[in-house]
Amino acid sequence: MQLAHLLNSLGLNYTVPDLIEITGIANNSKEVKPGNLFVAISGHEADGHKYIDHAISLGAVAIIGERNLPDMTVPYIQVKNSRKTLALVAKQYYYPKNTKTFIGITGTNGKTTTAFMLRHILENNGMTCSLFSSVYNEVNGEKNASKNTTSDSLELYKQLANSQDQIVILEVTSHALIQHRVEGIEFDCCIFTNLSQDHLDYHLNMEDYFEAKRLLFTMLKPAGKAIINTNNDWGLTLAADLERRHIQTIKLFGEEQDFHLELEQVTYIKDLMQIVITAQQQQGYMMHLSVLGEHNALNATMAFVTALQLSIPVNLAISALESFRGAPGRFERYKHPKGGEVVIDYAHTEDAFFYCLTTAKKLGARRIFHVFGFRGNRDTTKRQSMIDVSLELSDFIILTLDDLNNETSTTLKAQLETYDLNNKGTIITDRISAIKKAWSMMEEGDWLFITGKGQEPYQQTVTHPRSDGEVVEMLLKSQISHSSLLESQFLTQHPSN
């Protein structure tokens, strides 16, 4: 593509030589190839403007940046916002035609499970889906690790150019919205799951956090639909704003008469959760889910109603949800050898703790043990409320470390020691040791929750086990090996006649 054509198509009126051909776009100077357009980003950890000369030495034929840089040896296009411009030029270059159905999911909790549920429904009904999530990205059936919950705009548009799938489901974080990672996408449906305190190390306050989430709903197509969880004030505020702007809005879980769907009933039948959804006081829809917890009932309802907007028949949507077995690292259950339940979950907020631990109580947990930690250089203002919820609903908690994020373990341990555990807990900084301790305390009927990381690998550990799931699997294998050894010793000492 000619540079002049690329710039003109975006309304960037710069005079550049007509013969300059762009062979690709890069925002990392190390990845520049001859003929590339290099976009200099002023990042949190590095400033791309410092690497312009390196990009030119590798063959960049034009540069986009924010600074006033005269006397450049190649065409230089100065813009107000490099991140936003990167998204727009990447879209124009790699994915100029918006030919897919786009679903965006935002909120503090529930994005991943809702995304996986929705994909499961759609794929069970013959549709192909690309998925961009905190667990992994999947395009054309091929999975790749995701560096961020929402890919940067350049990587995203490259993936979209490669995708042959009909539907694209994206988890969209507040960071992604502020940083223009999904700029240029026009969404068919946008889902708001909820909002609770998180990321206040990045956002000024909850209002600022909410405004970031609200940005997603400015990206809807003219006929696009907003699906809003309105069982909290943030959802009510968002729904009211969308309706004032005449955006089609489906409100869920409210008490007013005009709410479209209400979660009428959640009951537990053995290892299944029965939920009943009513539509404006009409006949309800009933389904039996193998994923447990009222939070998953909410997630299922949002995935269900979104599928209906995509013309999936009600009975087929319900059938698909009933066969859903869960998202990686989200309420993943293991059987403890002594008869207890072990759950690994990504829960890292007060609300998420409440839903997880309350589920165990409703299922008759004898005792609840809870292992969790806090990440270094992250929002510290939410920690006390998380501890308070756990102290209220758990019988014993073990505070441990999560990712250090450039803080030292000594510093984080000192922070943990400032919290009062009311004689209901202890601190074990080594996460593996903390899990082992809780595991050893369990008896029949007990529940153990290991929260905060889900499927994510440990940052500080490079050898096996490298995740909460691997620790639990190691403990299970160890228990099986121990039982086999005891059985072997018994048979040796008591041979059959």
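Contact here means heavy atoms within 4.5 Å.

## About the model

This is a predicted model, in which local features need pLDDT of at least 70, side-chain atom pairs count only at pLDDT 80 or more, and totals for chains, interfaces and linings use all residues. Residues are numbered from 1 along each chain as its sequence is written, and side-chain values use heavy atoms, with hydrogens and water left out.

## Ser130 in its strand

Let's start with Ser130, which belongs to strand S6 (residues 129-132); strands are DSSP runs of E with at least two residues, helices runs of H or I with at least four, both numbered from the N terminus. Ser130 has a relative accessible area of 0%, and buried means under 20% (1.4 Å probe, protein chains only). Not counting residues up to four places away in sequence, Ser130 touches Glu138, Val139, Asn140, Ser163, Asp165, Ile167, Val168 and Ile169.

## Helix H11

Next comes H11 (residues 350-362), whose 13 residues reach 18 Å from first C-alpha to last, close to the 18 Å expected at 1.5 Å a residue; that expected span is 1.5 Å times one less than the number of residues. Its buried residues include Phe353, Cys356 and Leu357. The buried residues of H11 pack against several elements, among them helix H9 (294-309) and strand S18 (368-374). Just after H11, Gly364 has a positive phi of about 85°.

## Nonpolar cores

A nonpolar core is a set of buried Ala, Val, Leu, Ile, Met, Phe, Trp, Tyr and Cys residues joined through side-chain atoms within 4.5 Å. The largest has 73 residues, of which Ile103, Ile169, Ile275, Ile387 and Phe449 touch the most other members. H9 gives the most to this core, with 8 residues. A second, separate core of 52 residues includes Ala62 and Leu156.

Terms used
Buried < 20%, exposed > 50% of the residue type's maximum accessible area, 1.4 Å probe, protein only.
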